[in-house]
Amino acid sequence: MQDTDSNRNTASVSTASLAAWLRLERTHGIGPRTAAALLAAFGSPDAIFEADVAALSRHVSPALARALLQPVSPDTARLVEATRRWLDEPGHQLLAAGQPGYPALLANIHDPPLLLYINGRMELLNTPALAIVGSRNASAQGKANAQAFAEALAMAGVAIVSGLALGVDAAAHEGALRGPGSTIAVVGTGPDLVYPARNRALAARIAQDGCIVSEYPVGMPPLPSNFPKRNRIISGLSAGVLVVEAAAQSGSLITARQAAEQGREVFAIPGSIHAALSKGCHELIREGAKLVDTAQDVLEAIQVSPLVFTQAPPLVAQAEKGGDDALLAALGHDPVEPDALLARVGGTPGELSTRLLLLELDGLLERLPGGLVQRVAMS
């Protein structure tokens, strides 16, 4: 097979050392800390496998030293070949802990991945980033909020990290793709698979304009245990985590609490006291998460300065000039669902969410239980 290393970023694992890296990662009993200790002692995975049991036993147990020196299994050999084929595709890279380009924030968590499979713009992994997470069964308003916050933050140069799930994750990725900050999707499968399949088109756009990241090898299916584990990477890549909507026992709360343990900021958007999907956010706020209702709140907290724009987003500018009379007219005076309102006025959910937020801040709109909005009657 032709070696294509020259076509990949020089920080990527080389074809020559690929087998040793995969062999190290797949040895039972080798976790991130043990791998780091061995690499510090021997300098490279190749040198680890060239050592004898006595040398290895100075750093790991004799049993683990013997396990490391077992012959390469047929499964590992097949994985090496499959990974080589995957790496031959444009935009695909494999980054090992300690290499140039390995995300600095992620490297400092308790258990950073030994290997990162990357499809897309690897440089995003070392840019200012914020995670946006929430319910897979998000309300229309929750998805609109996720999209609007993600777009505003990405326009400020912040990369938005999420998990490519349905609901809030997908909405956050969609919004972030509109800004220069773009987006990073941390997935719970091998880098060659897309889960859920409904997000295949979105994943293709992220691979083109953003970045898809996995710690799982080529061919890894979407096992249930993969997703809670990958959440530490979502928070680990980020300066903070914003929870948009979450039920009381949501997996998003796991991500938020991992973020707090990693020393990251945790933000939550409040909602109706009657909405089940607001319970998780309210719980986080009681535990000390910062309540936010604008993207600027988040930017100030993570100390990221917005870029200077040459032109304000048209709908925001229009609203600031009092040009949303048409939206007020479309609202009428009865409660309405945002989806129904969007059908009346057109545009995207993110744009509508921004316009509604501005009206709410001006005291012209109130939010009701069930995600409904209603125009405020002026006396």
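Contact here means heavy atoms within 4.5 Å. Helices (H or I, at least four residues) and strands (E, at least two) are DSSP runs, numbered from the N terminus. Buried means under 20% relative accessible area, exposed over 50%, and partly exposed in between, with a 1.4 Å probe and protein chains only.

This is a predicted model, where local features need pLDDT of at least 70, side-chain atom pairs count only at pLDDT 80 or more, and totals for chains, interfaces and linings use all residues. Residues are numbered from 1 along each chain as its sequence is written, and side-chain values use heavy atoms, with hydrogens and water left out.

I start with helix H12, residues 251-261. Its buried residues are Ser 252, Leu 253, Thr 255, Ala 256, Gln 258 and Ala 259. As a reminder, an α-helix has 3.6 residues a turn, so residues three or four places apart point the same way. The cover over the buried residues of H12 includes strand S3 (129-133), helix H11 (226-236), strand S7 (240-243), S8 and H13.

Now the ends of H12. The N-terminal end is capped by Ser 250, which places a side-chain oxygen 3.0 Å from the backbone nitrogen of Ser 252. That is a polar contact: a pair of N or O atoms within 3.5 Å, where within protein one must be able to donate a hydrogen and the other to accept it, and residues adjacent in sequence count only if both atoms are side-chain atoms. After H12 comes Gly 263, with a positive phi near 85°.

Is Ser 278 buried or exposed? Its relative accessibility is 8%, so Ser 278 counts as buried. Beyond the neighbours within four places in sequence, Ser 278 touches Ala 246, Gly 271 and Ser 272.

Next, backbone geometry. Leu 164, in the loop between strand S4 (159-162) and helix H9 (168-176), has a positive phi near 65° without being glycine. Ser 182, in the loop between H9 and S5, is another non-glycine residue with positive phi, near 60°. Leu 164 counts as buried because its relative accessibility is 1%, and Ser 182 counts as buried at 3%. The peptide bond from Tyr 195 to Pro 196 is cis, with omega near -5°. Pro 196 sits in the loop between strand S5 (183-186) and helix H10 (200-209).

Strand S1, residues 92-96, has 5 of its 5 residues buried, so S1 is largely enclosed by the rest of the structure. His 92, Leu 94 and Ala 96 point one way, Gln 93 and Leu 95 the other. S1 runs antiparallel to strand S2 (residues 115-120), with 5 bridges between them; two strands pair if DSSP finds at least two bridges. Within that pairing, Gln 93 faces Ile 118.

On cysteines: how many disulfides are there in the whole structure? The search finds 0, a disulfide being a pair of cysteine sulfur atoms within 2.5 Å. Cys 211 is buried at a relative accessible area of 0%, and Cys 281 is likewise buried at 0%.

That is the set for today.
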